[in-house]
Amino acid sequence: MEKELEQRDSSIMRVVLYGPESTGKTTLAKQLAAHYNTNWVPEYMRTYLENKTLVPGEEIVAYDELETIAKGQISSENTSIKTANKLLFCDTNLLELQVYAEHYFGKCPRTLATYARKNKYELYILTYIDVPWQADEMRDRPENREEMFALFEQKLIDYNLPYITIKGNESERLKQAISYIDNHL
């Protein structure tokens with residue numbers, strides 16, 4: 001992953017939509033990319049899992065798949081950044097994958113944790129849990145949303161990363177995000 005991170009174009013501002021599942025990250029990433037006429041990067045883990053045969057009763061993601069998913073996320077970002085227009089919006093990142101690994105497995109692969117810290121973004125948009133839960137076969141534990149939000153926010157605090165928490169309906173979130181981004185351009 002070191003080589004992939006070194007290939008980053010530093011002239012493009014990278015913004016990550018970060019937070020628990022079912023908090024509007026994908027919707028907001030698409031909206032922001034459209035607003036700024038640039039690219040957005042889908043969550044690679046979702047793409048990976050959509051191509052995996054899910055077996056009832058088994059974990060959705062196995063611990064030994066985490067590094068493969070992390071590499072896929074970085075590769076997707078590196079591909080999208082090549083044609084981005086000043087900004088790149090990422091629907092998740094390695095830090096999010098680290099939070100999930102620590103929560104679900106009680107540990108995180110060392111390589112993933114190392115690169116989650118090295119893989120920094122200029123802006124982090126933490127999505128709050130005030131939007132309705134949308135169930136699908138890859139999401140679980142809607143009752144743990146407050147706990148998960150706290151874990152995500154704490155990781156940003158621990159790593160001293162620049163972030164804003166956005167709340168409200170879809171249009172309110174978009175306005176907040178645009179204001180935050182415009183203030184940092």
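**Entry 1: ground rules**

I worked on a predicted model, in which local features need pLDDT of at least 70, side-chain atom pairs count only at pLDDT 80 or more, and totals for chains, interfaces and linings use all residues. Residues are numbered from 1 along each chain as its sequence is written, and side-chain values use heavy atoms, with hydrogens and water left out.

**Entry 2: the chain as a whole**

I listed the secondary structure and found eight helices and five strands in the protein chain. Helices (H or I, at least four residues) and strands (E, at least two) are DSSP runs, numbered from the N terminus. Read from the N terminus, the order of elements is α-β-α-β-α-α-β-α-α-β-α-β-α.

I then looked up burial (buried means under 20% relative accessible area, exposed over 50%, partly exposed in between, with a 1.4 Å probe and protein chains only). Of the 185 residues in the protein chain, 46% are buried. For contacts (heavy atoms within 4.5 Å), I took those with a separation of 6 or more, and 78% of them join residues 24 or more positions apart.

The five strands form an open sheet in the order 2-3-1-4-5, with parallel pairing. Two strands pair if DSSP finds at least two bridges between them. Strand 2 (39-41) and strand 5 (163-166) are the edge strands, each pairing on one side only. From one strand to the next the twist averages 20°.

Helix 8 (residues 170-184) packs on this sheet and touches strand 1, strand 3, strand 4 (123-127) and strand 5. The direction of helix 8 makes about 165° with that of strand 4. Axes are lines fitted to C-alpha atoms, for helices over the stretch in contact, and angles run from 0 to 180 degrees between N-to-C directions.

**Entry 3: strand 1**

I went through strand 1 (residues 13-18) next. Strand 1 pairs with strand 3 (residues 87-91) in the parallel sense over five bridges. Arg 14 stands opposite Leu 88 in strand 3, and Val 16 stands opposite Cys 90 in strand 3. With strand 4, the pairing of strand 1 is parallel over four bridges; there Tyr 18 stands opposite Leu 126.

In a regular strand the side chains alternate between the two faces of the sheet.

**Entry 4: helix 5 and its partners**

Two packed helices are described by the angle between their axes and the distance between the axes. Helix 4 (residues 66-81) packs on helix 5 (residues 94-105) at an angle of about 165°, with the axes 10 Å apart. Helix 4 and helix 5 are therefore roughly antiparallel. Angles under 35 degrees count as roughly parallel, over 145 as roughly antiparallel, 65 to 115 as roughly perpendicular and the rest as oblique. The crossing is right-handed; a crossing is left-handed if the near helix is turned anticlockwise from the far one by less than a right angle, and right-handed if clockwise.

Helix 4 contributes Leu 66, Ile 69, Ala 70, Gln 73 and Ile 74 to the contact, and helix 5 contributes Leu 94, Leu 97, Ala 101 and Phe 105. By class, this contact has eight nonpolar, one polar and no charged residues. Ala, Val, Leu, Ile, Met, Phe, Trp, Tyr, Cys and Pro count as nonpolar, Asp, Glu, Lys and Arg as charged, and the others, Gly among them, as polar.

Helix 5 also packs on helix 6 (residues 110-118), at about 140° and with the axes 8 Å apart. This pair is therefore oblique, and its crossing is left-handed. The contact is made by Leu 94, Leu 95, Leu 97 and Gln 98 of helix 5 and by Leu 112, Ala 113, Tyr 115 and Ala 116 of helix 6.

**Entry 5: single residues**

Lys 155 lies in helix 7 (residues 145-158) and is buried, with a relative accessible area of 12%. Leaving out residues up to four places away in sequence, Lys 155 touches Tyr 18, Leu 95, Gln 98, Val 99 and Glu 102.

Thr 27 lies in helix 2 and is partly exposed at 37% relative accessible area.
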